[in-house]
Amino acid sequence: MKIKDFAKVSDVKADDVFIHDGERGTKTIKASDLPYALFEDLPLMHKNVFRGKNLGTRMTTDQIARVRDGSFKDLWIGDYWASDGMPWRIVDINYWNVHNALTIPHLVIMPDRALYKQTMYDITTTSTNSFWGSNVWNRIGQCGDFASKVFDLSYIRTHVDSYMSSVSGSGAEWEKYYFKSKTVDAAVKFIIPNEVMVYGCRIAVSSPMGSDGLHEVSSRQLQLYRMGYNPGAQDSDFWLRDQTYLTQYALFGDKVTNPGAPLINAPMEYAGEGLQTDQHGVRPVFAVG
């Protein structure tokens, strides 16, 4: 009986099998494994195909070797390592290569939820130093204590990044024009995302933020968010590093407060801004390679 004479189907189930024939003999492969097998030897496809597989509790030396040789074999967008119930997920691949901010092959990792809560500032007056002088930035190094449960700290690489370092304004309270200068720090390991990284555009931040205000190294959406997958939105609001007003910073989460909404403290889904004295989550993003 010829293969073309077999009964035909119009759909494929995960447990269905395909027949593979070649120099290694005749074998079968599950339909659920076929896409990854077809694209395994194409590193660029590893950042364009979502899988979402549990890779274990800790990154292995074999896995980091596959990152460093640029093959990313058996490592795909959405895959994760899980420790103490926290998935540490691959959200992009070679994200910072685009700007030569990190020229070696690397994965971009984010935990699915915030690691801890923190105020941006403890003062109620204007935070003129913006993210640069915030509690979140000054204490960001403690993320390493959490990440070390899953990654050897020598795997976490520094990359060049930029973010707003100062703010000033003039005019009436409702028409202040803010000028922000750009800071580039070549020694960043852990950082929190900006609005572009999670939304793909500006949401709460005003565009006229000064000549350098919108020129950032991290200037495109993380691949996992571009695919529309957000593992943490349901139970974890977290700070973004964009200052949106005198004493407010951008937020991402399930239900966050937007002080600028028509109704004071009106809840918003997935987007908003919070007072710098509020407690919100710190959810870092970092490079492994």
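**Exercise 1. Locate Y249 and state whether Y249 is buried or exposed.**

Y249 is found in strand β11, residues 248-252. Strands (E, at least two residues) and helices (H or I, at least four) are DSSP runs, numbered from the N terminus. The model is predicted: local features need pLDDT of at least 70, side-chain atom pairs count only at pLDDT 80 or more, and totals for chains, interfaces and linings use all residues. Residues are numbered from 1 along each chain as its sequence is written, and side-chain values use heavy atoms, with hydrogens and water left out.

Step 1. Buried means under 20% relative accessible area, exposed over 50%, and partly exposed in between (1.4 Å probe, protein chains only).
Step 2. Y249 has 0% relative accessibility, so Y249 counts as buried.
Step 3. The C-alpha atoms of Y249 and V205 are 8.6 Å apart in space, while the two residues are 44 apart in sequence.

**Exercise 2. Classify the ring pair of F151 and F286, and say which parts the pair ties together.**

Step 1. Rings of Phe, Tyr and Trp (its six-membered ring) pair if their centres lie within 6.5 Å; planes under 30 degrees apart count as stacked, over 60 as edge-to-face and the rest as tilted.
Step 2. The structure holds 15 aromatic pairs. One of them, F131 with W137, is tilted, at 5.9 Å centre to centre and 55 degrees between the planes.
Step 3. For F151 and F286 the centres are 5.8 Å apart and the planes stand at 80 degrees, so this pair is edge-to-face.
Step 4. F151 lies in the loop between α4 (143-147) and β7 (156-157) and F286 in strand β16 (residues 286-288), so the pair ties together parts 135 residues apart in sequence.
Step 5. Both F151 and F286 are buried. Ring pairs also link these two with W81, W88 and F190 into a cluster.

**Exercise 3. Give the strand order of the five-stranded open sheet and find which strands stand at the edges.**

Step 1. Two strands pair if DSSP finds at least two bridges between them. Strands of a sheet pair through backbone hydrogen bonds, either parallel or antiparallel.
Step 2. The order is β3-β4-β5-β16-β7, with antiparallel pairing.
Step 3. β3 (80-83) and β7 each have a single partner strand and stand at the edges, so one side of each is left without a neighbour in the sheet.
Step 4. Within the sheet, five bridges join β4 (residues 86-93) to β5 (residues 107-111). D92 has V108 in β5 as its bridge partner.
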